[in-house]
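Here is a friendly walk through one structure, written for someone who likes to know the cut-offs behind each term. Please have the sequence and the coordinates open as you read.

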Amino acid sequence: MSQRHYRALSWQMALGFTLLAGVCALAIGFYMINARQHVGANYAALVADVVRAQQHPVLLRHTLDRLQSPTPQLDQERLENLLWRIPQHIDGVTYGLERSQLDSGAYASALDRLRRVEEQMPELQHHIDDVLGGAAPDGLTRLGYVIENELSWAYSELNELIHVAAAEQRLTMERLTWAIGALVVLVLMVVGGLMLALLRLHREREAVKRLSLADELTGLGNRRYLLEVAGRLHEQSLRNNQPLSIALLDLDLFKELNDSLGHPAGDRVLKAFANAIQEEIRQADFVARIGGEEFCILMPDTPSEGAFELAERIRHHIAGLTEPTLGAPTTLTVSLGLATGQGQGSHFDSLYSRADKALYRAKANGRNCTRVA
Ligand SMILES: Nc1nc2c(ncn2[C@@H]2O[C@H](COP(=O)(O)OP(=O)(O)OP(=O)(O)O)[C@@H](O)[C@H]2O)c(=O)[nH]1
């Protein structure tokens, strides 16, 4: 699997992480907008009611002041209008307060005063009627100023209370937003960390797997890897009804070389041999070191003639190698056994054993030659 699948997996993880981060960012944005709107919606209507109601004491005072002037004048229309609007606004503000999140204890005294004002409204109406009937305006102004005072105090108290509460709530929302943001960052960090750890684990597992399938000396595949690939290629050849060829290669008289030049020189020769094979084979072919100086090449979609051609090419290449490439003062020859299978009747084990027999014949026939099963 490897590099390609690993890259694909990395991309998938990166994509997943980006999506997750995007969703989190969207969620935070959505939450922040909603949080702000929530704060505004909660108090905006109440603040507007209170601000509108704050005009009543001002208008009342203005009307009463005109009754106190040297030429007293009764603005009957405005007073009647206030008598009608003051209780209405008191009801509206009371309703808004009850529906708000405010602590009822905080606005209880303001509400008491407003209710008292409501109770005094009929009395105020009597005084207006008396003044209209010709009585002195003293009673009307006395009660009027008391009501004006009560309304001013109650509304300014409520106004301040609502603003403080709105500011507090906004602060709480901001803190909450930061906390959620931090939480999301933390979650992203943890998820990111987990993904990285998973990738690292996967990479290490792949490295271990690669090591377990590689030949340490030459870097080629080992016998286990050969069997794995052989199974795949054999199935593929059956499915597509294509020929699959196998070549077994065995260096000639390698023991002598080892004995005369030493083991390290033998190792260098083995590496040179592996390189030479790799230079000759196609990309679709697979080569493995299956024993000391024994190698195997799998050639998918290759008929017997093609396999023979490649075998001979390798043989001549090896015979032509000289000391600088071999890393040892010697010449080298190789014997090869070939076998080709095609169709349902061909089993890989029998293909291998036919190639082995052909190799045995090559050795028996004087070495440095290729024999076909
Ligand atoms: N340097 C080195 N030698 C190895 C390695 N693995 C196996 N050998 C040696 O390869 C030699 C193989 O010898 P034999 O099996 O007798 O074969 P041969 O001498 O090549 O004779 P023929 O195959 O009949 O031509 C042995 O001496 C092994 O010790 C290795 O990794 N490095």
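## Helix packing and cores

Helix α2 passes α3 in a left-handed crossing; a crossing is called left-handed if the near helix is turned anticlockwise from the far one by less than a right angle, and right-handed if clockwise. Before going further, please note that this is a predicted model, in which local features need pLDDT of at least 70 and side-chain atom pairs count only at pLDDT 80 or more, while totals for chains, interfaces and linings use all residues. Residues are numbered from 1 along each chain as its sequence is written.

The chain has eleven helices and five strands, where helices (H or I, at least four residues) and strands (E, at least two) are DSSP runs numbered from the N terminus. Axes are lines fitted to C-alpha atoms, for helices over the stretch in contact, and angles run from 0 to 180 degrees between N-to-C directions.

| Helix pair | Angle | Axis separation |
|---|---|---|
| α2 (residues 55-68) and α3 (residues 76-99) | about 155 degrees | 11 Å apart |
| α3 and α4 | about 160 degrees | 10 Å apart |
| α4 (residues 104-132) and α5 (residues 138-213) | roughly 155 degrees | within 9 Å |

The angle makes α2 roughly antiparallel to α3, a label for angles over 145 degrees. Likewise, α3 and α4 are roughly antiparallel to each other, and so are α4 and α5. The crossing of α3 and α4 is left-handed, and that of α4 and α5 is left-handed too.

Which residues make these contacts? From α2, His-56, Leu-59, Leu-60 and Thr-63 meet a set in α3 that includes Leu-79, Leu-82 and Ile-86; two residues are in contact if their C-beta atoms, placed from the backbone, lie within 7 Å. This contact consists of five nonpolar, three polar and two charged residues. Here Ala, Val, Leu, Ile, Met, Phe, Trp, Tyr, Cys and Pro count as nonpolar, Asp, Glu, Lys and Arg as charged, and the others, Gly among them, as polar.

Leu-79 and Ile-86 also take part where α3 meets α4, whose residues there include Tyr-107 and Val-117. For α4 with α5, the division is 16 nonpolar, four polar and six charged.

Turning to the interior, 26% of the 373 residues count as buried, meaning that 20 or more other C-beta atoms lie within 10 Å of a residue's own, with 12 or fewer for exposed and partly exposed in between. A nonpolar core is a set of buried Ala, Val, Leu, Ile, Met, Phe, Trp, Tyr and Cys residues joined through C-beta atoms within 7 Å. The largest such core has 43 residues, and Ala-247, Ala-288, Cys-296, Leu-336, Leu-338 and Ala-355 touch the most other members. Elements giving two or more residues to this core include β1 (244-251), β3 (294-300) and α11 (348-364). Beyond its neighbours within four places in sequence, Ala-247 is in contact with residues including Cys-296, Leu-336, Leu-338 and Ala-355. A second, separate core of 24 residues includes Leu-79, Tyr-107, Val-117 and Ala-154.

Asp-301, in the loop between β3 and α9, has a positive phi near 50 degrees and is partly exposed, with 17 C-beta neighbours inside 10 Å. Arg-367, in the loop between α11 and β5 (370-372), has a positive phi near 65 degrees.

Key
Parallel < 35°, antiparallel > 145°, perpendicular 65-115°, else oblique.
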